[in-house]
Amino acid sequence: MTSLAFEDFKPGHLGRFGPRGVTREEILAFAAEFDPQPMHLDEEAASRSMLKGLSGSGWHLCSVIMRMMFDAFIGRTASLGSPGVNELRWLAPLRPGDELTLDVEVTEARVSRSRPATGIVTLKAVVSNAAGQALCEMVSPIIVRRREDAASGQAG
Amino acid sequence: MRFFEDIEVGQRRELGSFTFTADGIKKFAAQFDPQPFHLDEEEGRKSLFGGLAASGWHVGSACMKLLVADGLRQAREAAARGEKVAVWGPSPGFRELRWIRPVLAGDTVHFASEVESMRTSSSRPEWGILEARNTGTNQRGEPVFSVLATAFVPRRNRNA
């Protein structure tokens, strides 16, 4: 099932993925559990907020991006996890019914010095709505296993 | 919540704790991050994490949950004192998020938030921009999570 290794991630555009819909029910359920601010839960309060209408939690949007990346390529990548996120910007609100598209670019790919059997792939992901408006942009490294022959060749 | 003028660099708030159960970890992962080490104990043991590990986005979301609860607590306290309650704006984002150590099933993470920088907004003078370092520490006192988050905070005297 895991078919993608470090060597498959070259700097450049990795792909455009989606669309994935986000429903009002999903927005309300995530907000109720993790981010119960009125702008994510209550139409009336949301209409008076800076975002002018019900919007999804930024952490919900992050989690949906994670799922879109899983479905697109992480699920078949020899991924060992991620140390963090360099930078993330919430640019526009996630709205009920949005159909999201994800663009992923590999900005850097290098072999790990501390674990030579692995590489660090830095991804820039931008998620947009159906109108093409970017909602969120993030830059995050993931740790990916190298192909065994490549890793042992390097070690020898 | 507090106004910009009521906040100082270095102020720290203890946000409370969140326990990551095996069921909670798997439920979040099944929906948002179904990598094997977030879904299955045995796969977790075989991974770099050494056990069933919470998705990093689950850890960040738990921190957000406690930040919101702390904000509500502050708002109630301000209202009880008869003070005007500040309504914070949406966050433009964060930097330097680090999943420092795995959060494993059964771990209890204590979260705290410390103000790291403050400035006024030149384009929106009724708002201040605050950066806070939100951190998570497990029951053994080991740091597991850190993020430098940005927030828009209303200024007390610019609302008129």
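Start by selecting chain B, whose secondary structure comes to 4 helices and 5 strands; helices (H or I, at least four residues) and strands (E, at least two) are DSSP runs, numbered from the N terminus. What you see is a predicted model, where local features need pLDDT of at least 70, side-chain atom pairs count only at pLDDT 80 or more, and totals for chains, interfaces and linings use all residues. Residues are numbered from 1 along each chain as its sequence is written, while chains are lettered from A and ligands numbered from 1 in the order in which they are written.

Now trace chain B from its N terminus: the elements run β-α-α-α-α-β-β-β-β. Its C-alpha atoms fill a box of roughly 60 × 35 × 30 Å along the principal axes.

The contact takes 23 residues from chain B and 26 residues from chain A; two residues are in contact if their C-beta atoms, placed from the backbone, lie within 7 Å. On the chain B side, select α4 (56-80) and β2 (93-99), the elements that give two or more residues. Of these, α4(B) gives the most, with 7 residues.

Finally, zoom in on β2(B). Which strand of chain A is joined to β2(B)? Select residues 84-90 of chain A: this is strand β2 of that chain, and 5 bridges join the two strands, which run antiparallel. Strands pair if DSSP finds at least two bridges between them. For a last stop, click on Val85(A), which stands opposite Leu97(B) in β2(B).
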